[in-house]
Protein chains: 2
Amino acid sequence: MSISIGGMFVPAIKGQGTEEQQKKWLPMAYKFQIIGCYAQTELGHGSNVQGLETTATFDPSTDEFVMHSPTLTSSKWWPGGLGKASTHAVVYARLITEGKDYGIHGFIVQLRSLDDHSPLPGVTLGDIGGKFGSGAYNSMDNGVLRFDHVRIPRDQMLMRLSQVTREGKYVHSDVPKQLLYGTMVYVRQTIVADASKALSRAVCIAVRYSAIRKQFGSQDGGPETQVLNYKTQQSRLFPLLASAYAYRFVGQWLKWLYTDVNQKLEAKDYSTLPEAHACTAGLKSVTTSATADAIEECRKLCGGHGYLNSSGLPELFAVYVPACTYEGDNVVLLLQVARFLMKTVSQVAAGKQPVGTIAYMGNIQHLMQCKSAVNTAEDWLNPAAIKEVFEARALRMAVNCAQNISKAPSQEEGFSELSPDLLEAAVAHVQLIIVTKFIEKLQEDIPGPGVKEQLQKLCSIYALHLLHKHLGDFLSTGCVTARQGALANELLGKLYAQVRPNAVALVDAFDYTDHYLGSVLGRYDGDVYPALYEEAWKDPLNETVVPDGYQEHLRPLLKQQLKLSRL
Amino acid sequence: MSISIGGMFVPAIKGQGTEEQQKKWLPMAYKFQIIGCYAQTELGHGSNVQGLETTATFDPSTDEFVMHSPTLTSSKWWPGGLGKASTHAVVYARLITEGKDYGIHGFIVQLRSLDDHSPLPGVTLGDIGGKFGSGAYNSMDNGVLRFDHVRIPRDQMLMRLSQVTREGKYVHSDVPKQLLYGTMVYVRQTIVADASKALSRAVCIAVRYSAIRKQFGSQDGGPETQVLNYKTQQSRLFPLLASAYAYRFVGQWLKWLYTDVNQKLEAKDYSTLPEAHACTAGLKSVTTSATADAIEECRKLCGGHGYLNSSGLPELFAVYVPACTYEGDNVVLLLQVARFLMKTVSQVAAGKQPVGTIAYMGNIQHLMQCKSAVNTAEDWLNPAAIKEVFEARALRMAVNCAQNISKAPSQEEGFSELSPDLLEAAVAHVQLIIVTKFIEKLQEDIPGPGVKEQLQKLCSIYALHLLHKHLGDFLSTGCVTARQGALANELLGKLYAQVRPNAVALVDAFDYTDHYLGSVLGRYDGDVYPALYEEAWKDPLNETVVPDGYQEHLRPLLKQQLKLSRL
């Protein structure tokens, strides 16, 4: 078992440490003189960071903080690299000074001796056990940590945003809290980019294998049909291919957004932060959930062989799926988006003009009453027609929620009662963002002959498969008629047929090496069956022809020499 | 690694062997004097059984069949217990006699010596390698088998349905082929029952843990809210709880159907076979797909801790998910259902009265034009209101498909083009069956005070969550208006609140022991956190406090003693 090292120790010190602290600790971390991890989540608290129970109590008599785990549920649990590798951690704990609880703050704590790696006195460390998959996160020592009154110097509290003085006074610095959002936007932006990477890997394997695998289709002994030619395979697979491209483009745009946010933060302009935050939270949630489902769908699209580890898909799924939970549980994030939407709806009602990805809500007059003018299947090829119905759907769902909430005894009660509907409204908003960014990408120059035409087809597939999947939303909000929905579906079928000849080229374009794909089914040369066969013989069980245990177990069974127990 | 034994060897001989063959082989299999497996699937062919490539060529000069694997893709691949344990197999191969290929037949073939378990001459055997999960099917030696001209006596062909004579003549017996359907109905019936078992296990874990886990909801240091109280948790979890009950009841009914089919087969009445076959194929497909997704959803509903093996959920998923592929790929099965639906639509048009689960299609006059009379949310509590819209939706989707197919140049071309829509029509039909059987169950006496009332709520939740999820179907076929859809959603919210107080009791009612559940999160006593903590320490990584590899790898890194490679 290899041991991996958690990656958030350095960003935490960069974001929340003073310049002095950064100067002291970062070089040691960079040079691996220490190994650090980010210890936030506890056994009893994940999403609700404010509920963490570990305490850091200031003792003015020694100028130290006393780190302590007062309950079992306060045990740090999950941090990557915590159990076995880390010598230090940024530990999040309730800061208590002068008898008052000031809430969660970060502290740099040494956990293990730098001489012999043994845990320091009062520190309990361990691994939290096996996880999903046979590889995946089993090579990461997600750990448990408990403190029994462990003392650290006062200057190991991360003091960029607030400090505790020598006397134990709690004071805020003048650094605005909003600066922390920059890190969050950065991390979530990389998660969206990773979603596209993981999804495109799975799609590449499934498309290539579907071009090799043949089944049925010959009544007279002639060649069978490539499964990629079946409409059922296309209707499941091509929307995922389109999604891989969609997430790639929205990921690129998020990268720009991060730069933009940072520039505005430096200029102390915090006005676009809530929108940027909602947008990245929503995109993280929607792209990771869809990607996890899509990897598993690609596995199923490879039939039985997709269940073999040599297909690469089981481990791709097991290693990917935590993305739905870490860095913000996907449902909790969608509720944050929904809160932002409700706020925007009320601001729009008050005449305020929304900006960025939420700007469309300013067009409320038109979007609340418009009816799609689509009259033929091909009318759905028009990006403006797509954008209009996605905007109208998202806005109307949000406005419906806002109206229903306003009927409740209180805003909070209404929000809670309506939360399943709010999730759907948030998803509608985020899907609109992805569709819009895909459309905008295609307004740019795209090099290579015919490339833009192929991407336009994928863009239409991405949008129309969502329209078909969420047809209930579009019909019930009155943006689209049943007939227009049927036309969209008709066009989808035609687009699948048009994408089919270029499907393999469209996954080859991701430019993954066989080594990186790690899949006998997704081989570039298509030589799948010899590879499957060869891979099987590498299994340790095949080291002997007669299996271990034959003499002890199988032979007595077969020779009827098993003794019955006397019990 | 333990070795498991495939279970279809005996049923194959029972179903396809002559009485004499049964008398000879079954006692040996029952007494484990031999270990048998069912060798059908090949590297190149799964769903398309008629495309299998292994040959069994009759040699009249020696009265033997010559078993041979003519290509790499003809290697038997996947049979459970084949690689290491089995001494014999029922091998499916193309029967060739007098120079003619008579298609796929079963043959009893000895694979390994009964003296020392070594493979017989000409037989190549091995394991096909690691699979999804860390346990799951890794304890089953799914195997590969190749024949190099292996000879077996003629009387090892399974000869109940057809024979090869001493001279090599191929003759059919008078046993009707339809008898084989009985086994298929039996196997798929057990798969539906297993879906309910697997789903109820996952739901039991998720419901119990959701009652223990608390998060947010306290602004002033008071107790936090059980996550089971959140509407978002309820709206994801309670439909799965309802599904577990729904599948249980439809599984019980399928058991009855199997008895009924058998009685009719014995009376040589084959009239209901196509309907029974479509029904079991559809139920196998819909319940296993939904259960696989639901187990993973339950895992996500347990947050980060669901990713730990100690939650029991990762392995439950990995061991369950092949059910979507084995015994008929779920998409292929739905297409069979769709074919049956299209046939029924044309028979109904010709005035024939359909029977069994398809009887509703006889009511075509009413169902094609009816409009739901639902006017208040509570109107949806009426089972007749539910049944009507599910029947209308299923019928209209089938009729739409039939009409669109009729516009195509040929029936086959139309079926292929429309296949994605046909899948949806088939799902609508199968969901109707499940809803109907739930409703019928509740017309029986149900012992225990208040039990029926709870089940009625679950029945409504099961039907209405489907109505909400597939709202596009209901709206676009005009069975339901947008307002009625919104009323259904409103009622769902109320039903969740009503089920909440009994949710834990409703999973306790499955009566699973902690040992069987195998989940620290799903413990009956709710003592989750100490169990999680205790379980972690059993991990082998925790046998030492300083991890193996510290001296060799971590220490040189930390002490900056790593030598740079010269390359």
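The UniProt annotation "domain: Acyl-coenzyme A oxidase N-terminal", from an unreviewed entry, is listed for residues 7-35 of chain A. In the predicted model examined here, this stretch is 69% helix and 0% strand. Helix 1 of chain A, formed by residues 9-16, is mostly covered, as six of its eight residues are buried. The buried positions in this helix are A:F9, A:V10, A:A12, A:I13, A:G15 and A:Q16. Their packing partners within chain A include three strands, namely strand 1 (36-39), strand 5 (88-97) and strand 6 (100-110). Helix 2 (19-30) and helix 3 (179-212) of chain A also pack against the buried residues of helix 1.

At the level of the whole chain, chain A contains 18 helices and 11 strands. Its C-alpha trace spans about 90 × 85 × 55 Å along the principal axes. Of the 567 residues in chain A, 57% count as buried. The chain exposes about 23100 Å², and carbon and sulfur atoms supply 53% of that area. When contacts in chain A between residues at least 6 apart in sequence are considered, 71% join residues at least 24 apart. Chain A carries 54 positive and 56 negative side chains, and the centres of these two sets lie 1 Å apart.

The UniProt annotation "active site", likewise from an unreviewed entry, covers A:E327. This glutamate is placed in the loop of chain A between helix 6 (313-320) and helix 7 (330-349). A relative accessible area of 32% makes A:E327 partly exposed, because that class lies between the 20% limit for buried residues and the 50% limit for exposed ones. With residues up to four places away in sequence not counted, A:E327 touches A:M8, A:V187, A:R188, A:I191, A:K284 and A:L333. One of these partners, A:M8, falls within the annotated residues 7-35 of chain A.

Although A:G522 and A:C204 are 318 residues apart along the chain, their C-alpha atoms are separated by 6.6 Å. Leaving aside residues up to four places away in sequence, A:G522 touches A:I205, A:R208, A:D514 and A:L517.

In chain B, B:E20 belongs to helix 2, which covers residues 19-30. B:E20 counts as exposed, with 66% relative accessibility. The C-alpha atoms of B:E20 and B:M159 are 9.7 Å apart in space, against a separation of 139 residues in sequence.

A search of the whole structure over all chains finds zero disulfides. B:C298 accordingly takes part in no disulfide, and the nearest cysteine sulfur, that of B:C302, is 7.0 Å away. B:C298 is buried, at 0% relative accessibility. B:C459 is also buried, with a relative accessible area of 9%. The closest cysteine sulfur to that of B:C459 belongs to B:C279 and is 17 Å away, which is too far for a bond, because a disulfide requires a pair of cysteine sulfur atoms within 2.5 Å.

Terms used: Residues are numbered from 1 along each chain as its sequence is written. Chains are lettered from A and ligands numbered from 1 in the order in which they are written. This is a predicted model: local features need pLDDT of at least 70, side-chain atom pairs count only at pLDDT 80 or more; totals for chains, interfaces and linings use all residues. Side-chain values use heavy atoms; hydrogens and water are left out. UniProt positions are given in the numbering used here, feature names are shortened, and annotations may be inferred rather than shown by experiment. Helices (H or I, at least four residues) and strands (E, at least two) are DSSP runs, numbered from the N terminus. Buried means under 20% relative accessible area, exposed over 50%, partly exposed in between (1.4 Å probe, protein chains only). Contact means heavy atoms within 4.5 Å. Accessible areas come from the Shrake-Rupley method with a 1.4 Å probe; for residues, only the protein chains shown count as cover. Lys and Arg count as positive and Asp and Glu as negative; His and the chain ends are not counted. The place of a charge is taken as NZ of Lys, CZ of Arg, CG of Asp or CD of Glu.
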